[in-house]
Amino acid sequence: MTPSFDDNNFLFEFVVKNGNGVKGLVDSGISKVPKRYIQPLNERIEELYSTTSQESAIDLSKLDGPDHDQLVKAISRAAEKFGFFQVVNHGVPLELLESLKVCAHGFFGQEPEAKGIYLKEVSPSPLVKYGTSFVPEKEKALEWKDYVSMVYTNDADALQHWPKQCKEEALGYLKTSMKMIKRVLEILFENLGVEVESSRVESSVGLKMVNMNFYPKCPNPELTVGVGRHSDMGTLTILLQDGIGGLHVKVEEDLKEKWIEIPALEGALVINVGDALQILSNGKYKSAEHRVRTTSKQSRVSIPIFTSPLPTEKIGPLPQLVERDGEARYKEIIFGDYMTNFFGKAHDGKNSLHFAKTNSP
């Protein structure tokens, strides 16, 4: 008798160990979600519960015009209040963004054996990792997502080691985004009212990584999540959505928390604050808790750039802010220790930040 995907051991071997991923499940012809993917009731995403964000995208081309101050205020306000905002006219060619979506589908459309060469245990390069869910070994319910992660060290390494289906597009995306990322970060530092040297900006984004996420269509989207509740560990994340949508962020309005959907706007990129920037700003900027919903209609891709301090970097609240605020809300940490803690647990909202909090109330 053929083992069922409701057999947890068989499913884990098939999906995780053998590199078939969630796409392999879908390609096998399943008509219902295996038990291991069914989320607890409190983690499921009800479509009607989410409302669409009414925040308009910020036109970065106006930073060099008479509306400069207004845009700086809009960026800073969004980072303080929501931790998320969208930008247009960001300097990344729109045709490149379209190519990224195509090559992401191309990578995940390969046979399992072709993707499986990048599984963590066998990948020919430590710069590339293919996998599924977040940390499947630690999760009670798996996430409905496959991914490939590409760490940037230099152009030559990227062109040599990143997957051939997407390396040129992913590298172009990263390189054309970095000028915009650094400018946004400079604006956010300036808004704190402290002087920050350019070396601080550079060190805050010293580690760069491009991910491609694939969310296969799901027979029971109401039972699953594409990505569970979490905040990103780094400084700033830049995200390309396709036109399908499904990114939800938790916001607080009138002292009540609710989830809103970040609309998929053509030509726009989503920027969100990560834990490292919340720590550096002594809590002024908020890393936003977010999650991803699955859909039964068609498969979806998203392509984030994660920027963060290098693992060897020490980070803590900027000294000028501690002096002004009268307290350090976070302790100084080695960022590599923070990364180890972050990747050592299943997604659980913003609890990752507890690692850096001081003992003071």
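Residues are numbered from 1 along each chain as its sequence is written, and side-chain values use heavy atoms, with hydrogens and water left out. In this predicted model local features need pLDDT of at least 70 and side-chain atom pairs count only at pLDDT 80 or more, whereas totals for chains, interfaces and linings use all residues.

Colleague: How many residues of strand β8 are buried?
Modeller: Strands here are DSSP runs (E, at least two residues) and helices are runs of H or I of at least four, numbered from the N terminus, while buried means under 20% relative accessible area, exposed over 50% and partly exposed in between, with a 1.4 Å probe and protein chains only. In a regular strand the side chains alternate between the two faces of the sheet. In β8, Leu-236, Ile-238 and Leu-240 are buried on one side, and Thr-237, Leu-239 and Gln-241 on the other. The strand is largely enclosed by the rest of the structure, because the buried residues number 6 of the 6.

Colleague: Which residue of β13 stands opposite Leu-236?
Modeller: Strands pair if DSSP finds at least two bridges between them, and β8 runs antiparallel to β13 (residues 300-308) with 6 bridges. The residue opposite Leu-236 in β13 is Thr-307.

Colleague: Which residue in β11 is the bridge partner of Leu-239?
Modeller: β8 also pairs with β11 (residues 269-273), in the antiparallel sense and over 4 bridges. In β11, the bridge partner of Leu-239 is Val-270.
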